[in-house]
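Trainee: I want to check the labels on this model. Please tie each one to its cut-off.

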Amino acid sequence: MALEIHEQPDARDWQVPSFETAALKDKTSKYVIIIPVINEGERIKAQLRDMAQQGICRAIDTVIVDGGSTDGSLDIKFLKETGVRALLTKTGPGKLSAQLRCGYAWALTEGYDGIITIDGNGKDGVDAVPRFAEALDKGHGYVQASRFIPGGVSENIPLSRYLAIRLIHAPLQSLAAKYWFTDTTQGFRAYSRDFLLNPATQPFREIFTKYELLAYLTVRASQLGYPVTELPTSRVYPANEPVPTKIKGWAPLFELLSVLFKALFGVYHPKSGRR
């Protein structure tokens, strides 16, 4: 497969945390799967095995962005065996959005046409990944996974989380985006290269440290006129086990609400290149 050659993006103004790169194989695909993790243990190992068995890691380059795991789950030998292309380890400050800035910056400088992201906690059905690539091929600037549209599957979701998504988070994100989204909190999504490099997007800013980047990019694509869509996916929480999540306690929930309203009122819009 011939890969399109892109000019190197102008990254002079990018604010990206420092990170280390362990390249495990050469680039082979036009799109890349970015998986942010931190101490996901057996969950990320099982997910990568599943992706390898389905041939996903062979068809689409897969990159792990580690936020500082200490559980030994990202053994380089294992990553090579499952077909992972690279391991990026964030050494600078910040949490999820900082990890994503590392991954997106690396992917764009590597010349990928688009980025697919999926969480590394094993809750998402990885069989849907190729459909995200197909949606990018059709010209979508942003693609969001949804367990709540026809064809989607949701199992064992806590009632409080379901109500928060359906009655608060998704409606407010939809209001900001002027596009009806049904499922806006999960990280299974895709972005086109053009959308991420648009001067009116500017994802590489230090304002994005925790969950801000996810909320911002969800609403920004349609605001800028890019075609957006939702795809049906499965999201399964483990039965009779603690919910695998980094959002615990009331403080992160209030922080998420603050991020949500900032996205709604355009706080994250760039000052230059603004539209």
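**Labels and cut-offs**

Mentor: Just after α1, Gly55 has a positive phi of about 80°. Helices here are DSSP runs (H or I, at least four residues), strands likewise (E, at least two), numbered from the N terminus. This is a predicted model: local features need pLDDT of at least 70, side-chain atom pairs count only at pLDDT 80 or more, and totals for chains, interfaces and linings use all residues. Residues are numbered from 1 along each chain as its sequence is written, and side-chain values use heavy atoms, with hydrogens and water left out.

Trainee: Why is Cys57 called buried?

Mentor: Buried means under 20% relative accessible area, exposed over 50%, partly exposed in between (1.4 Å probe, protein chains only). Cys57 has 1%, so buried is the label. Cys102, at 0%, also counts as buried.

Trainee: How many disulfides are there?

Mentor: A disulfide is a pair of cysteine sulfur atoms within 2.5 Å. By this rule the count is zero.

Trainee: What makes the buried residues of α1 line one face?

Mentor: They are Ile44, Gln47, Leu48 and Met51. Seen down the axis of α1, they fall within an arc of 95°, so they line one face of the helix. The arc is taken over directions from the helix axis to the C-beta atoms.

Trainee: What covers the buried residues of α1?

Mentor: The cover includes β2, α2 (56-59), β3 and α3 (76-81), through contact (heavy atoms within 4.5 Å).
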